[in-house]
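Subject: Structure handover

Hello,

Here is the structure for your files, with notes on what turned up in it below.

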Amino acid sequence: MVLRRAGADLFFLLMILSFHSSCAAGTNEEIASLLLFVEHSDCTFIRNGKHYDALNARGHIEKKYNYFKDKITTTEEFIRYSATKSTMSGKLYRVVCNGVGMNSSDWLLAELDKLRGTNLEEDHETPDNNPDD
């Protein structure tokens, strides 16, 4: 009886670990996509009053991500810890794209919504709604 219970507990633990790993993998993919999005944008990043190009912005965000990695379990936390504001001054990061300025966190959260929307559409594609048919 004890052995059967231990086997059930082990199975349950493995299922939880498998679920956690798949969540982490999805989060890692989203973070990687957002970093590429930043790098390939034509936007100007404003951090503590100084302007930076997209490649420098990506480098800074990635550096902060690596520093806070142990605290980050969701993509939203990645944005909050790594791409929202200066930890030194507390000033919000801004981005200017095509002459329009906004908080970097709003910009990245909007892109995250687009990424997730695309993934949902791909996951639910059936022969009846496949545009290639």
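Which residues of the largest nonpolar core touch the most other members? The model is predicted, and in it that core has 20 residues, with Val38, Phe45, Phe78, Trp107 and Leu108 touching the most other members. At least two core residues each come from helix H1 (2-39), helix H2 (54-68), H3, strand E3 (94-97) and helix H4 (104-123). H2 gives the largest share, five residues.

Phe45 has contacts beyond its neighbours within four places in sequence, including Val38, Tyr52, Ala57, Val95 and Trp107. Ring pairs also join Phe45 with Phe37 and Trp107 in a cluster.

On aromatic pairs, the whole structure holds five. One of them is Phe37 with Trp107: the ring centres are 4.6 Å apart and the planes stand at 35°, so this pair is tilted. Because Phe37 is in helix H1 and Trp107 in helix H4, the pair ties together parts 70 residues apart in sequence. Phe37 is partly exposed at 23% relative accessibility, whereas Trp107 is buried at 9%. Tyr67 and Phe68 make an edge-to-face pair, with 4.9 Å between centres and 90° between planes. Tyr67 is exposed at 69% relative accessibility, while Phe68 is buried at 12%.

Two notes on charged residues. Arg47 lies over the face of Tyr52, 4.3 Å from the ring centre. Glu77, in helix H3 (residues 75-82), is buried but has no salt bridge; Arg80, the nearest side chain of opposite charge, is 4.0 Å away. Leaving out residues up to four places away in sequence, Glu77 touches Lys71, Ile72 and Ser82.

Regards

Notes
Residues numbered from 1 in each chain as written. Predicted model: local features only at pLDDT ≥ 70, side-chain atom pairs only at ≥ 80, totals over all residues. Heavy atoms only, no water. Helix = DSSP H or I, 4+ residues; strand = E, 2+ residues; numbered from the N terminus. Buried < 20%, exposed > 50% of the residue type's maximum accessible area, 1.4 Å probe, protein only. Lys, Arg positive; Asp, Glu negative; His and termini not counted. Contact = heavy atoms within 4.5 Å. Core = buried A, V, L, I, M, F, W, Y, C linked by side-chain atoms within 4.5 Å. Phe/Tyr/Trp six-rings, centres within 6.5 Å; stacked < 30°, edge-to-face > 60°. Lys NZ or Arg CZ within 6 Å of the ring centre and 35° of its normal.
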